[in-house]
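Please examine the chain displayed below before reading on. The paragraphs that follow lead through it step by step.

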Amino acid sequence: MDPKTFEEIRKFIYDKSGIFFEKNKEYLLTNRLRKRIEALKLSSFEEYLRYIKSVSGSKELPNLFDAITINETYFFRHINQINAFVDAMVPEMLKRKRAINIWSAACSSGEEPYTIVIALMEKYGSNIPARILASDISNEILEKAKEGIYGEYSLKELSFEMKKKYFDNIAPGKYKIKDAIKRKCVFKNINLTDDRQLRTVGRMDTIFCRNVLIYFDNVSRQKVVDKFYNDILNPGGYLVLGATESISRLKTNFKLCHFKMAIAYQKPL
Ligand SMILES: C[S@@+](CC[C@H](N)C(=O)[O-])C[C@H]1O[C@@H](n2cnc3c(N)ncnc32)[C@H](O)[C@@H]1O
């Protein structure tokens with residue numbers, strides 16, 4: 001890809017999704033877009049750029065999102081955060097209300113929202129005091145989430161007993177999440193940088209936004225975090241980022257809260 005085309009494609013992606021490809025990630029972008037160029041029977045990156053910018057190219061946008069997103073995830077990722085959520089944040093919020101709204105805002109193939117359900121079921125039984133919205137920008141990955149079939153990698157943190165309790169072993173190395181867990185989650189396509197879509201989210205008590213803002217730059221991170229704070233989180237609600245992430249470089253009124261081996265950001269009451 002020539003430097004000018006790379007610049008233009010990366011700006012287009014950034015404007016549409018907040019995802020910013022650093023120069024050293026050009027190879028990644030090139031490889032991923034090559035597949036789309038082949039699928040569309042186009043002949044160059046320049047042609048692809050013209051196509052996605054054209055009116056008829058707008059239907060390519062979901063495919064572009066499917067192609068460029070990194071969907072790495074697994075059950076009980078950053079377990080200390082999950083423990084802090086279930087053992088400290090949830091009981092505190094339940095002192096103020098009978099049920100809480102939780103949003104897994106970049107849910108990938110569903111491991112994160114299903115982990116939240118499982119962790120809550122372990123504490124509260126099948127009638128969990130929570131509703132879970134799970135969303136992602138990629139339709140392809142959301143289909144996987146709704147299907148709920150996983151391989152060994154996704155379940156690597158789970159004991160044999162937990163696998164047995166919450167999954168059906170449908171083939172060697174293949175596990176299907178039980179319907180009782182699936183039913184607790186509503187899946188939607190929501191782009192974190194699309195204000196119109198964000199307005200459909202409603203009010204939330206906790207937002208899990210883990211390992212997605214790492215792909216954004218500070219400008220788009222700030223916009224998303226401001227939206228969470230101003231329009232979505234209830235007072236006293238929490239924002240949980242990935243274990244290695246922080247919003248310390250952003251300007252916010254969130255209060256940093258320390259838990260056992262985990263942190264979260266709380267909107268003051
Ligand atoms: C690395 S995964 C993280 C999954 C999960 N939250 C976790 O921590 O295990 C990042 C996810 O963010 C999604 N994503 C990227 N940009 C997004 C955007 N603008 N809006 C919503 N989701 C986005 C990707 O499709 C991908 O599934």
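In soluble globular proteins, nonpolar side chains tend to be buried together. A residue is called buried if 20 or more other C-beta atoms lie within 10 Å of its own, exposed if 12 or fewer, and partly exposed in between, with C-beta atoms placed from the backbone.

This is a predicted model, in which local features need pLDDT of at least 70 and side-chain atom pairs count only at pLDDT 80 or more, whereas totals for chains, interfaces and linings use all residues. Residues are numbered from 1 along each chain as its sequence is written.

Which residues is Val117 in contact with, leaving aside its neighbours within four places in sequence? They are Ile128, Ile132, Ile181, Lys184 and Cys185. Two residues are in contact if their C-beta atoms, placed from the backbone, lie within 7 Å.

The two domains may now be considered together. Their bounds come from an automatic or database domain assignment. The centres of domain 1 and domain 2, taken over C-alpha atoms, are separated by 29 Å. In domain 1, 7 residues are in contact with 12 residues of domain 2. Helix H4 (residues 61-68) supplies 3 residues, the largest share of the side of domain 1 that touches domain 2. By class, that side has 4 nonpolar, 2 polar and 1 charged residues. In this scheme Ala, Val, Leu, Ile, Met, Phe, Trp, Tyr, Cys and Pro count as nonpolar, Asp, Glu, Lys and Arg as charged, and the others, Gly among them, as polar.

The ligand comes next. Its shell holds 24 residues, of which the closest are Thr69, Thr73, Ala106, Ser108 and Arg210; a residue is near a molecule if its C-beta atom, placed from the backbone, lies within 6 Å of it. The shell divides into 8 nonpolar, 11 polar and 5 charged residues. Domain 1 (3-68) and domain 2 (79-266) both give residues to the shell around the ligand, so the ligand lies between them.

Two helices deserve attention; helices (H or I, at least four residues) and strands (E, at least two) are DSSP runs, numbered from the N terminus. In H4, Leu64, Phe65 and Ile68 are buried. Seen down the axis of H4, these buried residues fall within an arc of 100 degrees, so they line one face of the helix; the arc is that of the directions from the helix axis to the C-beta atoms. Their cover includes helix H1 (3-17), helix H2 (26-39) and helix H3 (45-53). In helix H7 (residues 139-147), Ile141, Leu142 and Ala145 are buried, and Asn139 and Glu143 are exposed on the other side. The buried residues of H7 pack against strand S2 (130-136) and strand S6 (185-189).

Finally, two loop residues may be compared. Lys41, in the loop between H2 and H3, has a positive phi near 55 degrees. Lys41 is exposed because 6 other C-beta atoms lie within 10 Å. Asn211 lies in the loop between strand S7 (204-209) and helix H11 (218-232), with a positive phi of about 60 degrees. Asn211 counts as buried because it has 21 C-beta neighbours inside 10 Å.
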